[in-house]
Amino acid sequence: MKFFVVTLAILSLSMAMPVVGISQVDDLVAYWKFDGDPKDATGNGHDGQMKGVAALVKNDGAPIEGPKGAVKFLKKDGNAVQIANSADLRISQNLTLMAWANPDDSGPTQYVAGVPHDDQAQWDDPWVGHQIGVRGGAMATWLNLVEGGVAKDREYDSGQVASKEWTHLAFVFTGDEAISYVNGEEVANHKDRKGEIQFVGDPLFMIGERSHIAIGEPFGGLIDEVALFKVALSEDDINEFMSGIPLSVQPGGKLPTSWGYVKSRRD
């Protein structure tokens with residue numbers, strides 16, 4: 001009888017939690033929820049370290065239901081969440097990088113999340129491997145590819161990002177094109193972005209700052225729900241994370257995590 005009750009409970013739970021059609025969820029490399037700590041919620045071990053005056057805060061206006069937390073950045077150099085060195089985060093093709101951002105001022109160039117091109121102290125061209133940010137009231141994206149044996153840092157702005165409002169930013173690179181999404185809607189598609197992203201040395205994944213050595217152009221405001229996939233998600237995939245569908249996943253054979261009920265906050 002006890003076995004029957006337990007089985008029934010499990011079946012009821014699975015019915016209440018609909019199966020979400022995102023098979024790529026096994027390719028979720030890292031996910032920082034910032035609900036009380038900077039740990040990687042996937043269990044893959046890509047835990048963050050708070051640097052400078054970056055601080056975990058409670059946030060009643062966070063873009064997810066459930067535990068509400070975020071990281072507060074004061075737009076000061078070296079003010080960041082720094083992720084322990086790992087080649088897993090330096091993806092060269094087929095990636096999706098996303099985050100919620102609430103900038104105090106969306107005008108200046110500010111880095112939200114990603115990996116610089118190298119680990120050198122000199123901030124010169126090429127600058128970035130793959131990163132997202134804000135600039136000029138828009139979503140800014142950077143992607144370093146090699147053309148004719150020469151590394152080139154691509155950067156472009158698209159979509160509207162307002163100050164003091166939550167905006168969801170998602171950047172997809174397929175190896176053939178680079179696509180930007182703001183609040184789940186495609187705002188740019190660069191079909192001439194072909195090749196592999198280039199990295200030199202061991203640059204760290206950064207949140208709220210462009211580099212762990214060549215510091216500068218830090219973020220000011222709140223950042224939440226940063227995620228990195230080693231697959232190019234579709235627009236439908238991205239919107240599933242934002243539509244309020246409960247998604248329970250088990251990336252990398254680790255303990256399950258959940259994206260929760262993500263809201264687009266477009267109101």
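Reader: What does the side chain of R210 reach at 2.8 Å?

Author: The backbone oxygen of A214. Keep in mind that this is a predicted model.

Reader: Which side chain does the R210 side chain make a polar contact with?

Author: That of E217, at 3.1 Å.

Reader: Where is R210 found?

Author: In the loop between strand 14 and strand 15, the latter spanning 220-229.

Reader: Is R210 buried or exposed?

Author: Buried. Its relative accessibility is 12%, and the cut-off for buried is under 20%.

Reader: What is R210 in contact with, leaving aside neighbours within four places in sequence?

Author: Y111, P116, W123, Q131, I215, G216 and E217.

Reader: Switching to aromatics. How many aromatic pairs does the structure hold?

Author: Four. One of them is Y111 with W123. Their ring centres are 6.2 Å apart and the planes stand at 90 degrees, so this pair is edge-to-face.

Reader: Where do Y111 and W123 sit in the chain?

Author: Y111 is in strand 7, residues 110-116. W123 is in the loop between strand 7 and strand 8 (128-135). Twelve residues separate them, and the pair links distant parts of the chain.

Reader: Are Y111 and W123 buried or exposed?

Author: Both are buried. For Y111 the relative accessible area is 3%.

Reader: What about Y111 and W142, what are the distance and angle there?

Author: The centres lie 4.3 Å apart, with 25 degrees between the planes. That pair is stacked. It also links distant parts of the chain: W142 belongs to strand 9 (residues 138-147), 31 residues from Y111.

Reader: And is W142 buried or exposed?

Author: Buried, at a relative accessible area of 2%.

Reader: Which residues form one aromatic cluster?

Author: Y111, W123 and W142.

Reader: On to the sheet. What is the order of the seven strands?

Author: 2-5-14-7-8-9-10. The sheet is open and the pairing is antiparallel.

Reader: Which strands stand at the edges?

Author: Strand 2 (48-51) and strand 10 (150-160). Each has a single partner strand, so one side of each is left without a neighbour in the sheet.

Reader: How many bridges join strand 5 to strand 14?

Author: Two. Strand 5 covers residues 80-83, strand 14 covers residues 206-207, and they run antiparallel.

Reader: Which residue stands opposite M206?

Author: Q82.

Methods. Residues numbered from 1 in each chain as written. Predicted model: local features only at pLDDT ≥ 70, side-chain atom pairs only at ≥ 80, totals over all residues. Heavy atoms only, no water. Pairing = 2+ DSSP bridges. Helix = DSSP H or I, 4+ residues; strand = E, 2+ residues; numbered from the N terminus. Buried < 20%, exposed > 50% of the residue type's maximum accessible area, 1.4 Å probe, protein only. Polar contact = N/O pair within 3.5 Å; in protein donor to acceptor, adjacent residues only side chain to side chain. Contact = heavy atoms within 4.5 Å. Phe/Tyr/Trp six-rings, centres within 6.5 Å; stacked < 30°, edge-to-face > 60°.
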